[in-house]
Protein chains: 2
Amino acid sequence: MTEEASPPPLDPAELGAYFALIEVSSLLRHTVEQQLRDAGDLSYVQFQLLATLGDTADGTQRMTELADGVVYSRSGLTYQVGLLEKAGLVARSPSAEDDRGVTVTITEAGRDVLARVFPGHIDVLRQLFLEPLAREDIDSLARVLTVVRDHMRSIPPRSAKPRRKSAVRQSPTGGGA
Amino acid sequence: MTEEASPPPLDPAELGAYFALIEVSSLLRHTVEQQLRDAGDLSYVQFQLLATLGDTADGTQRMTELADGVVYSRSGLTYQVGLLEKAGLVARSPSAEDDRGVTVTITEAGRDVLARVFPGHIDVLRQLFLEPLAREDIDSLARVLTVVRDHMRSIPPRSAKPRRKSAVRQSPTGGGA
DNA sequence: TATTGTTATACTCTATAACTATA
DNA sequence: TATAGTTATAGAGTATAACAATA
């Protein structure tokens, strides 16, 4: 039925690049998350949001722009920005031009947290990620991964995927003992 | 108090490598997770577990070995393997040599799911990740990321981290509007 | 005493759908 | 009608700590 023609298997280098990418990013992210939590009680997403805001000239972004850069769903962004606002690290205000819009601004406290968190963040990156690499390795990594990123961004996420019924997901009638 | 000497900032290539790595792996993982869910109702972790088991000669691994390779906490592994077992994709049995141990084995059904899921998985990797890369890019990526992975593995996770009190995390007394 | 694995529990995060308001 | 954002809700996943059994 769902017999898709089997694509040719990946060769060792392709597999190696994929597996190493997944493992490296998982470990790196895990460690960075711990550091951010310990140093500033930030989740990674929250850090990304703050860092994104801190990078703009006026510390300001529309919600939609933030969502596009960092989070996958609108509601998820609302949730995270809500947490940041409660903590006083960002402020929300109605958008000037578009009355539907909401503008998010990083606060002084937000910048302070960012500053408090950065040194440890960089330490982790150096020790865990950059340390074993030569200059040219880093250059090549940046170049190649940037190509991939641009490619990914250029591909529209395909919508309308067919859903299947649940099989492995947790089921209320979990008969298994 | 916690005045760590500010490390020198990262240069553009270092930052580029880091940001691109995070973005590429996030997008890739996100897309792959959707594919695995649609094609086989598997989460990424579950797929990793099945794939790990399927890779061994006898389709068998000790719990601890699985945890080291894939998951970060023991209880998390117990949870995931429990789901897979309920779905009939793996079986658990007492370990032969060590009476404390538990051996996990992939079942026929597990191998079927794996086979059903692989083609689409490879498709995603090709289209999203490998497509814009030249052979030498892939080789270099695999080489450099493998260096990083080996380095990461060689670093013992530092234990005994000081905990902080919650600040940004959701608080029960969420006074906000 | 140390290790293997499970269980109970609490909590974070994410996504979907329904909804409001403006363009 | 389409878009921006919020809310309600439900569910998955994870970690921590306590626990049982064996080495």
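Where in chain A does A:D41 lie? A:D41 lies in the loop between α1 and α2 of chain A. The legends below cover that loop and other close-up views.

This is a predicted model, in which local features need pLDDT of at least 70, side-chain atom pairs count only at pLDDT 80 or more, and totals for chains, interfaces and linings use all residues. Residues are numbered from 1 along each chain as its sequence is written, chains are lettered from A and ligands numbered from 1 in the order in which they are written, and side-chain values use heavy atoms, with hydrogens and water left out.

**View 1. Chain A as a whole has 6 helices and 3 strands.** Helices (H or I, at least four residues) and strands (E, at least two) are DSSP runs, numbered from the N terminus. Along the sequence, the pattern of chain A is α-α-β-α-α-β-β-α-α. Of the 177 residues in chain A, 44% are buried. Buried means under 20% relative accessible area, exposed over 50%, and partly exposed in between (1.4 Å probe, protein chains only). Contact means heavy atoms within 4.5 Å. Take the contacts in chain A between residues at least 6 apart in sequence: 54% of them join residues at least 24 apart.

**View 2. The loop between α1 and α2 of chain A holds A:D41.** Most residues other than glycine have a negative phi, and most peptide bonds are trans. A:D41 has a positive phi, near 55 degrees, and is not a glycine. A:D41 is buried, at a relative accessible area of 10%.

**View 3. In chain B, the loop between α1 and α2 (44-55) holds B:D41.** Phi of B:D41 is positive too, near 50 degrees, in a residue other than glycine. Is B:D41 buried or exposed? B:D41 is buried, with a relative accessible area of 9%.

**View 4. Three strands of chain A form an open sheet in the order β1-β3-β2.** The pairing is antiparallel. β1 (60-62) and β2 (90-94) of chain A are the edge strands, and each pairs on one side only. From one strand to the next, the twist averages 25 degrees. Two strands pair if DSSP finds at least two bridges between them. Over 3 bridges, β1(A) pairs in the antiparallel sense with strand β3 (residues 102-106) of chain A. A:T60 stands opposite A:T105 in β3(A).

View 5. Antiparallel β1(B) and strand β3 (residues 102-106) of chain B are joined by 3 bridges. Opposite B:T60 stands B:T105 in β3(B).

**View 6. Helix α1 (residues 12-40) of chain A packs with α1(B) at an angle of about 110 degrees.** Their axes are 10 Å apart. Axes are lines fitted to C-alpha atoms, for helices over the stretch in contact, and angles run from 0 to 180 degrees between N-to-C directions. The two helices, α1(A) and α1(B), are therefore roughly perpendicular to each other. Angles under 35 degrees count as roughly parallel, over 145 as roughly antiparallel, 65 to 115 as roughly perpendicular and the rest as oblique. Residues in the contact include A:Y18, A:L21 and A:R29 of α1(A) and B:Y18, B:L21 and B:R29 of α1(B). By class, this contact has 10 nonpolar, 4 polar and 2 charged residues. Ala, Val, Leu, Ile, Met, Phe, Trp, Tyr, Cys and Pro count as nonpolar, Asp, Glu, Lys and Arg as charged, and the others, Gly among them, as polar.
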